[in-house]
Amino acid sequence: MAGLHKSDLPNPVLNWIDSRLPIITMMQKEYGVFPTPRNFNYFWNFGALAMVTLVIMIVTGIFLAMNYQPNTGLAFDSVQHIMRDVNYGWLIRYVHQNGASMFFVVTYVHIFRGLYYGSYKAPRELLWMLGVVILLLMMATAFMGYVLPWGQMSYWGATVITNLFSAFPWIGPKIVTLLWGGFSVDQPTLNRFFSLHYLLPFVLIGVVFLHVAALHIVGSNNPLGIEPQGPQDTLPFHPYYTSKDSVGVCVFLIVWAAFVFFAPNMLGDPNNFIPANPLQTPADIVPEWYFLPYYAILRSVPNKLLGVCFMFGSLLVLFVLPWLDTSRVRSARFRPTYRKLILLLVLSFLVLGYCGAHKPEGIYVILSRVAALYYFAHFLVILPILGKLERPLPLPESITQAVTGRPIEAVITGRPLESH
Amino acid sequence: MRTPRSLLAAFLMVGGLLALPAAAQDESPTPPSQNWSFDGIFGTPDLASAQRGFQVYSEVCSNCHAMHEMHYRDLTALGFTDAEVTAIASTFTVPQGTDDSGQPKEGPATPADQFRSPFPNEKAARAALNGALPPDLSLIINARPDGANYVYGILTGYAQPPADFKLQDGMNYDAYFPGHQIAMPQPLTDGRVTFTDGTPDTLSQEARDVVTFLYWTSNPETAERKAMGVRVILFLILLTGVTYAVKRKIWSDVH
């Protein structure tokens, strides 16, 4: 027997619990005193924002599922029933619907943060890779969620995206049949998408737990990209970063609420207010905005199989990013060339998104090809070479020295921090 | 984005059954923007206008267009009393399941009933209307890009076709319908509806009122949503301020 945990909580009830299941000690260690670099900027809010969004999505989703019917004949009207008859159903649904967009906004910023400050580099490779798994799970969940209202764009989006798998030789058509549960997008498809849309967020919670667990082993990166060298470089997570994250959450909720209350359908497509009709293909099938860059990559390649490979490849390349980037310097602050090129990568992603919303004709084809070319070249060619060629700026000795501008000795010898 | 969506709108409005020449779909004029009571952060549908719009729908549109997401009870939100809603509902005859011998039964609607559908199903509609299928209007404003201006444009856009325009048999010319050929004959004209509240019965008034009504049926929660939104945002701004002050105080010993 390992014996009881030696809890020092003064409250006898909490002490009794903590001695047998040291969950309070754990929370205190991981979220209370957890040493966190003192120099985070507001980019470091976005992980917490994504966490808050996931929780809100699950809570609203559970209430939506209480009134939703995963049946091709009833789904569309059951969503309208939620909007019109269920108490505050419109609020719950609009929070959930716009929440998907908010989730991708904060996740994309979170990923940009990781790219800009080199958060994927040793020893945080696994932390980063778990993050890519989270992104893939999010995309699958969002895609299946968009199918559930069973509007025109739900139906035709599902048809187009699932059909992509048919590009793979031999196994492709079998995968598609498996996804559909039949020979077209129909009742079995809707039913299994609903089941998986309910399941995957809980898988997400599991992977997020691993993501956070890995983070708490290696510790957070920071805007300087150098490791904390001692207590003078860190602050306890609470109250410093709980308070800073709270500010970010409040601002984020304002943006979210602005969409929910004043432009709830701005990010949606009017076609999804028309019930799904398998006999009538919309003139232009467009995915939700957060998929547009990948959609543009898909359509920039004239061959279907290659297009699908490039589309998936644009995500899978992120898995090996820690080994593609050969520079030992993490933060773009000290990498003058990388600092410009990472913005070029963002630009190429935005251009791809812009092109994805337009028919692949004329200038949009050329633009999306150039942007897609840069996207892949950035990861596969530039990053491996740049690490060897680039001459990084000198790194600061320590976080504290960089933040306070004082030599490290003065800080360690105990002069109070607020003296300047 | 506008062009493909308008093309799609054209495609859907003719129900996909009336094959239009592809070239005719290329034109998609943008209807002019009107001022609407429900525009902006504080705008909510003008209830008097929406009530008149309901009259327009009942007397004109409902002869062909269903609104199966709507129930008569919903009309209380337009300012009708319970007694008025019961009276309105009872003027419509709707299917009421089966009688004791198993035969389909009909009777006067109650407030709990869906709006009466003009046709029992799609085939009946197409058979009666030369193959055209009038779309359900419950969500029409949301289901078209810039829906309110679009529907207003269609309703007020009927005109004589230009001399060189080839109009197909049974079709009508409309300045704002994509492709200009619409199966629906001009539904609203000056004097088509006599408003019970004495409002002038011009075409533009009828169109404006029915669009306001249709906006409300597409977004019945608008007034509640926007009122709540103002309070939620004000609260969140306050909360942000307090939270930021707390954060500053906590961080004051660090920098």
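**Stop 1: two helices of chain A**

Select helix 11 and helix 12 of chain A, which run roughly antiparallel to each other (angles under 35 degrees count as roughly parallel, over 145 as roughly antiparallel, 65 to 115 as roughly perpendicular and the rest as oblique). Helix 12 covers residues 304–316, and the two pack at an angle of about 150 degrees with axes 7 Å apart. Axes here are lines fitted to C-alpha atoms, for helices over the stretch in contact, and angles run from 0 to 180 degrees between N-to-C directions. Helices (H or I, at least four residues) and strands (E, at least two) are DSSP runs, numbered from the N terminus.

This is a predicted model, in which local features need pLDDT of at least 70, side-chain atom pairs count only at pLDDT 80 or more, and totals for chains, interfaces and linings use all residues. Residues are numbered from 1 along each chain as its sequence is written, while chains are lettered from A and ligands numbered from 1 in the order in which they are written.

Now show side chains. From helix 11 of chain A, the contact uses Y294(A), I297(A), L298(A) and R299(A), and from helix 12 of chain A it uses G307(A), V308(A), F310(A), M311(A) and S314(A). Two residues are in contact if their C-beta atoms, placed from the backbone, lie within 7 Å. By class, this contact has 6 nonpolar, 2 polar and 1 charged (Ala, Val, Leu, Ile, Met, Phe, Trp, Tyr, Cys and Pro count as nonpolar, Asp, Glu, Lys and Arg as charged, and the others, Gly among them, as polar).

**Stop 2**

Helix 11 of chain A contributes A296(A), I297(A), R299(A) and S300(A), and helix 15 of chain A contributes V365(A), S368(A), R369(A) and A372(A). The contact has 4 nonpolar, 2 polar and 2 charged residues.

**Stop 3: two single residues**

Is R333(A) buried or exposed? R333(A) counts as buried, because 20 C-beta neighbours lie inside 10 Å (buried needs 20 or more other C-beta atoms within 10 Å, exposed 12 or fewer, partly exposed in between; C-beta atoms are placed from the backbone). Find R333(A) in the loop between helix 13 (321–324) and helix 14 (336–356) of chain A. Not counting residues up to four places away in sequence, R333(A) touches P223(A) and L224(A).

Next, go to L14(A) in helix 1 (residues 12–20) of chain A. L14(A) is exposed, with 12 other C-beta atoms within 10 Å.

**Stop 4: chain B against chain A**

Show both chains. The contact takes 35 residues from chain B and 33 from chain A. On the chain B side, helix 7 of chain B gives the largest share, 16 residues. That side has 22 nonpolar, 5 polar and 8 charged residues.

**Stop 5: confidence**

The mean for chain B is 90, but pLDDT stays under 50 over residues 1–26 of chain B. Where pLDDT is low, the predicted coordinates should not be read in detail.

Definitions and conventions. pLDDT is the predictor's confidence in each residue, from 0 to 100.
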